[in-house]
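Subject: Structure handover

Hello,

Here is the structure you asked about. My notes on what was found in it follow below.

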Amino acid sequence: MSMIHVTTTINGVAQEYLCEADETLLDVLRDRLGMTGSKEGCGTGDCGACSVTVDDRLVCSCLMLGAEAEGRKVETIEGMAEGETLHPLQRKFIEHAALQCGICTPGILVAAKSLLEHNPNPTEEEARYWLAGNLCRCTGYDKIIRAVMAAAEEMREAS
Amino acid sequence: MALDAKMDGKLDFKVVGTRVNRPDGIDKVTGRARFGADMTAPGMLVGKVLRSPHAHAKIKSIDTSAAEALEGVLAVVTRADFPEVELDEGTWDVLDNCMAGEKALYDGHAVAAVAAASESVAKKALKLIKVDYEPLPHVIAVDDAMKADAPALHDGRQVENVPEGMGANVVARYEFGHGDIEAGLGKADKVLERTYKTEATHQGYIEPHACLAQVGSDGQADLWCCTQGQYMVRDTCAAIMGLSQSRLKVTASEIGGGFGGKTTVFIEPVALALSKKSGRPVKMVMSRSEVLRATGPTASSSIDIRLGMTEDGQITAGFAELRYQGGAYPGSPVEFGSMSAFAPYDLENVKTVGWDVVANRPKQAAYRAPGAPMAAFAVESAIDELAKGLGLDPLEVRLKNAAREGTKAAYGVTYPAIGLEATLRTAKDHPHWTAPLGENQGRGVACGFWFNFGGNTCVTLNVTPDGTVNVIEGNPDIGGSRASMSMMAAEELGVPYERVRTVIADTASLGLNDVTDGSRVTFAVGLATIEAARAAKREMCKRAAMVWGIDEEAVVWEDGAARPSGPNAGKHDPMTLADIAAIASNTGGPIAGHSEINAEGAGVSFATHMVDTEVDPESGAVKILRYTVFQDAGKAVHPDYVEGQFQGGAVQGIGWALNEAYIYGEDGVLQNPGFLDYRVPVASDLPMIDTVILEIPNPGHPYGVRGVGETSIVPPLAAIANSVSAAAGVRMTSLPMSPPKVLKAIQTG
């Protein structure tokens with residue numbers, strides 16, 4: 001099978017890869033680039049565990065082809081912390097015990113970061129609706145929402 | 001310093017009860033944590049399973065030749081590729097479920113598997129396998145499956161106490177209770193008879209099953225997988241593959257949710273068979289559709305209740321007949337359902353009869369308090385309806401009949417100190433109970449019970465030369481248990497939490513550990529951790545005694561250091577853990593503590609849930625407005641994660657009550673094998689879930705710890721049904737309470 005050559009930017013780093021025409025961006029990230037932080041919970045865009053941003057837009061990487069990343073700017077969970085410094089959302093998730101098993105956590109963090117970039121001062125309801133595409137089966141969302149609201153507050157105060 | 005496995009009245013906790021950061025937190029918020037599908041091996045192949053499109057069919061033949069001939073395919077296996085070994089009935093069922101033999105028993109049953117160089121080649125190969133099926137009549141619903149003329153799944157699987165003449169799919173009968181039901185009902189002022197139904201729901205863990213298997217030609221094998229119990233995987237796979245247990249090393253990955261669904265194997269033996277045949281490592285990852293079609297949901301149920309009550313709310317008799325279908329093999333959780341149904345109540349006359357039924361559905365797996373939520377749905381709904389019919393307060397009625405210390409439970413035990421009454425009294429005094437309700441709104445309460453398990457447990461605690469500590473345990477951390485173990489070790493040793501790191505051992509590195517189930521880990525592994533820490537302390541006291549040249553009985557361990565004690569000990573400066581560790585080589589060698597136990601005394605658990613709902617009379621849609629969980633934790637080791645268990649269980653219960661169900665077509669094929677149509681609760685469906693942690697110490701644990709993970713899913717089905725029934729003005733007796741069902745109930749009254 002002939003492969004497609006893709007040039008893109010992932011977490012600020014120029015990246016080239018070859019992928020098959022029907023290969024998803026999620027498979028490229030996980031299987032070709034070894035970036036397994038994005039998870040596959042469903043493969044049909046229903047669970048949000050594979051959430052990444054492409055040109056600052058929140059997408060399910062299982063619904064996008066690897067070839068479609070040509071010339072785009074992709075951000076994944078692996079790019080969220082700066083070196084050893086966690087993003088405020090990451091820190092608040094730990095402090096608020098907003099994860100139990102942690103499989104949904106990367107996708108929820110990417111989605112929550114996207115929320116706060118679009119809306120730095122969300123209401124609880126706005127946070128709940130923004131994150132409605134990210135399934136968590138462990139927590140009942142309570143501590144996740146609290147962590148997102150706390151991070152939003154801290155980020156507003158810092159800016 | 002012998003271990004006192006009894007509650008020792010310790011109250012001055014320094015670490016236990018605080019809200020420390022979990023040790024795996026950074027790995028999990030940065031994407032570094034390695035889950036089942038995140039492992040690779042050099043030369044790895046991709047394994048894929050071919051599944052039956054029929055609900056019930058004889059497999060006449062399987063032709064794999066075209067698939068084997070495809071470029072890039074290195075192995076194809078069917079049932080014929082598994083060794084002919086003697087297996088006990090339960091393990092045979094697991095094998096038959098992993099790879100069908102003579103018959104496919106449900107839509108999605110595995111019939112063949114391939115290992116190929118890539119995913120795309122593996123998918124092509126599956127299409128080249130030709131299976132000649134002879135479709136057979138099928139049966140899905142539990143009441144249909146019990147009929148004498150229903151299509152039979154198996155021959156000869158009925159246990160002896162199933163009466164003659166019952167259909168072949170009725171495979172076991174259970175009975176519990178005491179007293180005289182008819183006499184008790186005769187004393188009642190009002191008797192309620194009702195039938196309640198629940199649908200099968202799936203645990204819905206977000207991480208699909210995944211594994212990576214490597215089998216060497218020397219008979220040594222390694223398996224990496226997401227599981228609730230690596231020892232269970234080892235023992236089951238070793239039996240199926242004819243390996244000795246010591247030759248198969250199983251390593252548990254980080255686990256992306258389980259809720260009971262990862263207490264058995266589905267793809268692991270297949271991956272081993274493919275690896276053995278191909279001579280290469282084989283990785284298998286299920287799709288979501290495969291998870292829903294072919295891994296274990298819980299049982300669906302049909303339950304008859306007869307309940308008698310006096311005018312002042314005394315329950316005079318309780319009877320339940322429970323029918324659970326657990327999929328294609330024996331083993332539905334109806335025994336637990338029958339044991340737990342009336343467990344919260346002190347009843348003179350109580351009886352439950354349970355029927356275990358097979359049907360053409362995936363083999364059920366444990367789901368959080370397996371069997372108990374459906375039974376509680378029936379009993380707690382009936383109590384609510386009777387209480388309201390008599391004009392009584394449903395919380396007062398429960399308090400009046402509540403089990404207490406000394407109550408003989410319907411399932412036979414006599415309770416030690418328990419927390420049910422405390423949860424009810426706290427609920428009654430909580431502002432939620434008296435908050436005003438609006439139009440189309442209702443409030444419901446219900447109680448729940450879970451047994452809690454102990455079981456086989458090993459812990460090794462190593463004191464490192466630099467004076468820090470490793471705890472080695474053998475139970476996958478499914479919700480923060482590494483933090484809890486580190487906390488208990490730190491508490492016992494008197495060292496800061498940050499100096500303890502807990503890791504999960506593979507099967508070759510520690511003795512047998514039972515599966516992470518039954519809410520056993522914080523209790524049983526905690527008990528073993530404390531015991532291992534006490535053993536290490538004894539050794540460190542011995543070393544200090546050696547240094548000081550005094551009798552080891554004259555040394556005590558206090559505040560993280562060995563100290564001389566007693567009239568003849570003399571004056572010596574305390575030796576800290578770090579001091580003793582630094583000179584361990586000169587005083588007898590490395591210091592470690594061990595504990596190998598079969599833990600008993602888990603301590604039963606009770607909860608009361610309170611929920612407000614609003615029903616839209618136009619559409620039948622239900623909105624959860626407010627939810628409060630009151631549960632006894634014994635002692636909350638890490639309150640954040642205790643609250644998390646309460647909240648998570650409540651929300652899984654909300655899904656079960658309102659949305660979730662396995663939906664089958666006339667053809668016996670699952671209609672909703674995806675998260676779009678099998679809809680679990682999302683953030684926008686829910687309010688915050690309030691929690692009240694009560695601490696009635698478990699007499700069987702040094703710190704009073706009880707398991708907390710499962711009880712929280714037991715009350716929600718009934719609490720929500722009671723709330724919706726109040727809001728809609730009509731009694732709901734069938735789950736899920738989906739909008740069409742609620743609307744129909746409102747319209748027909």
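The crossing of helices α15(B) and α16(B) is right-handed. This comes from a predicted model, as does everything else in this message. Helix α15 of chain B covers residues 481-493 and helix α16 of chain B covers residues 521-548; their axes come within 9 Å and cross at roughly 35°. On the α15(B) side, the contact is made by Ser481(B), Ser484(B), Met485(B), Met488(B), Ala489(B), Glu492(B) and Leu493(B). On the α16(B) side, the contributors are Val521(B), Thr522(B), Val525(B), Gly526(B), Thr529(B), Ile530(B), Ala533(B), Arg534(B) and Lys537(B). Sorted by class, the residues of this contact are 8 nonpolar, 5 polar and 3 charged.

Domains of chain B

A sheet in chain B

Chain B also has an open sheet of 7 strands, in the order β3-β5-β1-β12-β9-β10-β11, with mixed pairing. Its edge strands are β3 (73-77) and β11 (248-252) of chain B, each of which pairs on one side only. Neighbouring strands of the sheet are turned against each other by 20° on average, direction ignored. Strand β1 of chain B (residues 45-51) and strand β12 of chain B (residues 282-285) pair in the parallel sense over 3 bridges. In this pair, Gly47(B) stands opposite Met284(B) of β12(B).

Domains of chain A

Chain A is divided into domain 1 (4-79) and domain 2 (88-158). The C-alpha centres of these two domains of chain A lie 21 Å apart. Their contact involves 13 residues of domain 1 of chain A and 11 residues of domain 2 of chain A. Strand β3 of chain A (residues 51-54) provides the largest share of the domain 1 side, 3 residues. That side of domain 1 of chain A divides into 6 nonpolar, 6 polar and 1 charged.

Where the chains meet

Between the chains, 43 residues of chain A are in contact with 42 residues of chain B. On the chain A side, the elements that give two or more residues are α2 (88-95), α3 (105-118), α4 (124-130) and α5 (142-158) of chain A. Of the chain A side, the largest share comes from α2(A), with 4 residues. By class, the residues of chain A that touch chain B divide into 22 nonpolar, 11 polar and 10 charged.

Regards

Terms used
Residues are numbered from 1 along each chain as its sequence is written. Chains are lettered from A and ligands numbered from 1 in the order in which they are written. This is a predicted model: local features need pLDDT of at least 70, side-chain atom pairs count only at pLDDT 80 or more; totals for chains, interfaces and linings use all residues. Axes are lines fitted to C-alpha atoms, for helices over the stretch in contact, and angles run from 0 to 180 degrees between N-to-C directions. A crossing is left-handed if the near helix is turned anticlockwise from the far one by less than a right angle, and right-handed if clockwise. Two residues are in contact if their C-beta atoms, placed from the backbone, lie within 7 Å. Ala, Val, Leu, Ile, Met, Phe, Trp, Tyr, Cys and Pro count as nonpolar, Asp, Glu, Lys and Arg as charged, and the others, Gly among them, as polar. Domain bounds come from an automatic or database domain assignment. Two strands pair if DSSP finds at least two bridges between them.
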